[in-house]
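Let's take a friendly walk through a protein model, one piece at a time. Have the chain in view and follow along as we go.

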Amino acid sequence: MPNNIQISKVNVKDAATLLELSRTTFFDAFLHQNNPADMEAYAAAAFTLPKIQLELNNPDSEFYFALVGGAVAGYLKLNYNAAQTELKDAHAVEVERIYVLNSFQGQQVGKQLMEFAMQQATSRQLKYIWLGVWEHNTKAIGFYKIKGFGPFGSHNFMLGSDEQTDILMKKEL
Ligand SMILES: CC(C)(COP(=O)(O)OP(=O)(O)OC[C@H]1O[C@@H](n2cnc3c(N)ncnc32)[C@H](O)[C@@H]1OP(=O)(O)O)[C@@H](O)C(=O)NCCC(=O)NCCS
């Protein structure tokens, strides 16, 4: 790992920082390809302090910050067991969110977060790691492919009033 990138577990006391980072990275990633009203509708439900605190307090979910030179550059959300949004397989982990701030993209922050997720899964002796990605998110799909993920299905996802298709991808460990 480049020695200026650190991965640090997010605690409930960091909820406000995580909330701001979640909203910023979500809008930066998807606003240019989506209806602003659908983006706001989704964000208004998903990115509130009580919701983030609830997720942080779920023993089957873990959030991690990527820090570059001490500054928060991105984050990762892992779900185990019943916290997984689908499958809910005790032998699997879901990468529900992996987001890097625009200004830190292309500096291997995403790669370090994904490799950290794989280490966590390996240390728990899980069989595979999986995720859902919007079919039009070609950048992330390219990133997942080079990390060894392959498609295995799809599911529908509501972004506000817009029904979208997520590709489900997994990597065996
Ligand atoms: C997808 C994302 C997490 C990748 O993180 P990143 O820090 O920009 O990527 P990295 O710099 O770590 O790149 C890691 C490797 O992937 C490669 N890569 C990155 N994007 C790629 C792409 N679109 N196609 C092919 N390869 C890609 C890099 O070249 C690098 O390869 P290397 O290890 O051989 O040097 C980041 O772009 C992001 O946050 N995007 C917006 C949010 C998002 O879409 N999240 C996923 C939601 S499902």
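We start at Gln125, which lies in the loop between helix H4 (109-123) and strand S5 (128-134). Here helices (H or I, at least four residues) and strands (E, at least two) are DSSP runs, numbered from the N terminus. Gln125 is exposed, with a relative accessible area of 71%. The scale works like this: buried means under 20% relative accessible area, exposed over 50%, and partly exposed in between (1.4 Å probe, protein chains only). Gln125 also has a positive phi of about 60°, although it is not a glycine.

Before going on, a word about the model: it is predicted, local features need pLDDT of at least 70, side-chain atom pairs count only at pLDDT 80 or more, and totals for chains, interfaces and linings use all residues. Residues are numbered from 1 along each chain as its sequence is written, and side-chain values use heavy atoms, with hydrogens and water left out.

Another loop residue to look at is Asn81, in the loop between strand S3 (71-80) and S4. Its phi is near 50°, a positive value in a residue other than glycine. Asn81 is partly exposed, with a relative accessible area of 30%.

Now step into strand S4 (residues 92-100), the place of Arg97. Is Arg97 buried or exposed? Arg97 is buried, at a relative accessible area of 6%. Not counting residues up to four places away in sequence, Arg97 touches Tyr42, Phe47, Glu55, Phe63, Tyr75, Leu76 and Lys77; contact means heavy atoms within 4.5 Å.

Next comes helix H1 (residues 15-30). Its 16 residues should span 22 Å at 1.5 Å a residue, and the end C-alpha atoms are 22 Å apart, which agrees. The expected span is 1.5 Å times one less than the number of residues. Among the buried residues of H1 are Leu18, Leu19, Phe26 and Phe30.

How do H1 and helix H3 (residues 49-57) meet? Their axes come within 10 Å and cross at roughly 115°. Axes are lines fitted to C-alpha atoms, for helices over the stretch in contact, and angles run from 0 to 180 degrees between N-to-C directions. H1 and H3 are therefore roughly perpendicular to each other, a term for angles of 65 to 115 degrees. The contact is made by Ala15, Ala16, Leu18, Leu19 and Ser22 of H1 and Leu49, Ile52, Gln53 and Leu56 of H3.

Key. Angles under 35 degrees count as roughly parallel, over 145 as roughly antiparallel, 65 to 115 as roughly perpendicular and the rest as oblique.
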